[in-house]
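Keep the model open while reading.

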Amino acid sequence: MAYKVLFIDEEKEQQDNFKDYMDAAPDMEVVCIYPEPKLEGMIQKIDELVPNAIVSDFLLNEIKVDIQYAVKYTGSELVNEYQRQRPAFPCFVLTSHDDEAVIGSDDVNVVYVKDLLHSGEPEAKAKFYEKIKEQINKYKKSIDEAQEELSALLEKKKNEGLKPSEVDRMVELDTFIEKSLNADSVVPSEYKQPVSLDKLSSLIEKVDLLLAQNK
């Protein structure tokens with residue numbers, strides 16, 4: 001299986017460095033892009049490219065050599081917003097300013113020091129590209145498990161009905177899967193009670209298709 005990793009940096013040199021580093025992972029396709037000026041445009045661009053993981057530089061507005069416009073957000077702000085829209089999506093921030101990036105990140109575990117691209121992890125038990133792959137696999141597994149649990153609840157609802165707590169869980173799974181499939185088509189939880197069986201069946205079919213495409 002090929003993994004599509006999106007790398008975002010305002011410097012062409014850093015993009016080339018990342019590609020060189022990722023050559024050690026031949027099962028990963030690296031797509032490098034410059035940051036969009038506004039956060040909303042960057043989110044839209046990511047969704048258009050459909051990556052399996054995002055790796056972003058922290059200071060996207062620091063070096064004005066390859067881009068001439070202002071970037072009005074950091075890599076941490078980008079990752080924070082993207083994971084608000086798509087919870088648990090594999091995201092990483094590379095930086096030479098790890099103290100600032102950690103403070104600005106909702107999850108400090110997404111922050112990595114950029115030196116690792118220059119042979120900075122010889123003694124590491126798991127290389128950075130292996131961690132990217134691991135997070136992608138975990139994310140795909142969480143979607144798979146949510147689909148299986150949702151299918152079981154759907155079947156139980158048809159045959160014997162559900163407890164209120166199980167209905168709540170079905171709504172929770174439904175929301176997670178919708179966000180995982182398409183961050184722009186999330187239905188607020190308050191509008192999903194009772195959950196339509198036809199809607200759930202359609203959603204499960206979409207998940208099956210998504211999982212089949214990523215095998």
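The model is a predicted one. In it, the count of aromatic pairs comes to 8. Two of them are set out here.

| Pair | Centre to centre | Angle between planes | Geometry |
|---|---|---|---|
| Phe89 and Tyr139 | 5.4 Å | 75° | edge-to-face |
| Phe92 and Tyr112 | 5.9 Å | 55° | tilted |

**Aromatic pairs**

Take Phe89 and Tyr139. Their planes stand at 75°, so the pair is edge-to-face; the cut-off for that class is over 60 degrees. Phe89 sits in the loop between α3 and β4, while Tyr139 belongs to helix α5 (residues 128–159). The pair therefore ties together parts that are 50 residues apart in sequence. Both Phe89 and Tyr139 are buried.

Phe92 and Tyr112 make a tilted pair. Phe92 is in strand β4 and Tyr112 in strand β5 (residues 111–113). This pair, too, links distant parts of the chain, here 20 residues apart. Phe92 is buried, as is Tyr112.

**Helix packing**

Helix α5 packs on helix α6 (residues 164–181). Their axes are 9 Å apart, at an angle of about 140°. Is that arrangement oblique or roughly antiparallel? Roughly antiparallel needs an angle over 145 degrees, so α5 is oblique to α6. The crossing of α5 past α6 is left-handed.

From α5 come Tyr139, Ser142, Ile143, Ala146, Gln147, Glu149, Leu150, Leu153, Leu154, Lys156 and Lys157. They meet Glu166, Arg169, Met170, Leu173, Phe176, Ile177 and Ser180 of α6.

**Positive phi in two loops**

Most residues other than glycine have a negative phi. Val50 has a positive one, about 50°, although it is not a glycine. Where is Val50 found? It lies in the loop between α2 (39–49) and β3 (53–57). Val50 has a relative accessible area of 55%, so it counts as exposed.

Ala88 also has a positive phi, near 70°. It is found in the loop between α3 (75–85) and β4 (91–95). Ala88 is exposed, at 53% relative accessibility. Phe89 lies in that loop between α3 and β4 as well, but Phe89 is buried.

**Cysteines**

How many disulfides does the model hold? The count comes to 0. Is Cys32 buried or exposed? Its relative accessible area is 19%, so Cys32 is buried; the cut-off is under 20%. Cys91 is at 5% relative accessibility and therefore also counts as buried.

Methods:
Residues numbered from 1 in each chain as written. Predicted model: local features only at pLDDT ≥ 70, side-chain atom pairs only at ≥ 80, totals over all residues. Heavy atoms only, no water. Helix = DSSP H or I, 4+ residues; strand = E, 2+ residues; numbered from the N terminus. Buried < 20%, exposed > 50% of the residue type's maximum accessible area, 1.4 Å probe, protein only. Disulfide = S-S within 2.5 Å. Phe/Tyr/Trp six-rings, centres within 6.5 Å; stacked < 30°, edge-to-face > 60°. Axes fitted to C-alpha atoms, helices over the stretch in contact; angles between N-to-C directions. Parallel < 35°, antiparallel > 145°, perpendicular 65-115°, else oblique. Left-handed = near helix turned anticlockwise from the far one by under 90°. Contact = heavy atoms within 4.5 Å.
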